[in-house]
Amino acid sequence: MIYLDFEKNIKELDVKIQELEEAKEEAERANRAKSQFLARVSHEIRTPINAVLGMNEMILRESTEPEIHKYAFDVKSSANTLLSLINEILDS
């Protein structure tokens, strides 16, 4: 009788171990998918912002009109703020 209980407990433990291994594998797959998603999102969001900053820098360097210079500075400030927020969200 004790032997049967012991054998039953061993089988139950084997089932639980298998379930835990499957749950671990699923969690690892989910973590990889999340990492891949964040890498893609990071690139897709940062690239156009950096392009805007680069083009805006050309305006700042080449424009001699004070009003255009002020607008371009506002764009630079806003884009840098947005980029900082995105960096904080995606890199945390």
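Ile 10 counts as partly exposed in this predicted model, because its relative accessibility is 36%, which falls between the 20% limit for buried and the 50% limit for exposed residues. Ile 10 is part of helix α1. Together with Phe 6, Leu 13 and Ile 17, Ile 10 forms a nonpolar patch on the surface. The accessible area of these four side chains' residues together is about 380 Å².

Asn 56 also belongs to helix α1, which covers residues 2-62. Asn 56 is classed as buried because its relative accessibility is 5%, under the 20% limit. Apart from residues up to four places away in sequence, Asn 56 touches Ala 72, Val 75 and Lys 76.

The two residues with accessibility values are listed here.

| Residue | Relative accessibility | Class |
|---|---|---|
| Ile 10 | 36% | partly exposed |
| Asn 56 | 5% | buried |

In soluble globular proteins, nonpolar side chains tend to be buried together. The largest nonpolar core here has seven residues: Val 41, Ile 49, Leu 53, Ala 79, Leu 83, Ile 86 and Leu 90. Helices α1 and α2 (66-91) are the elements that each supply two or more residues to this core. The largest share, four residues, comes from α2.

Leu 83 is one of the core residues. With neighbours within four places in sequence set aside, Leu 83 is in contact with Arg 46, Ile 49, Asn 50 and Leu 53.

Technical notes: Residues numbered from 1 in each chain as written. Predicted model: local features only at pLDDT ≥ 70, side-chain atom pairs only at ≥ 80, totals over all residues. Heavy atoms only, no water. Buried < 20%, exposed > 50% of the residue type's maximum accessible area, 1.4 Å probe, protein only. Contact = heavy atoms within 4.5 Å. Patch = residues over 30% accessible without salt bridge, like charges linked within 9 Å, V, L, I, M, F, W, Y side chains within 5 Å. Areas by Shrake-Rupley, 256 points an atom, 1.4 Å probe, with all protein chains shown as cover. Core = buried A, V, L, I, M, F, W, Y, C linked by side-chain atoms within 4.5 Å.
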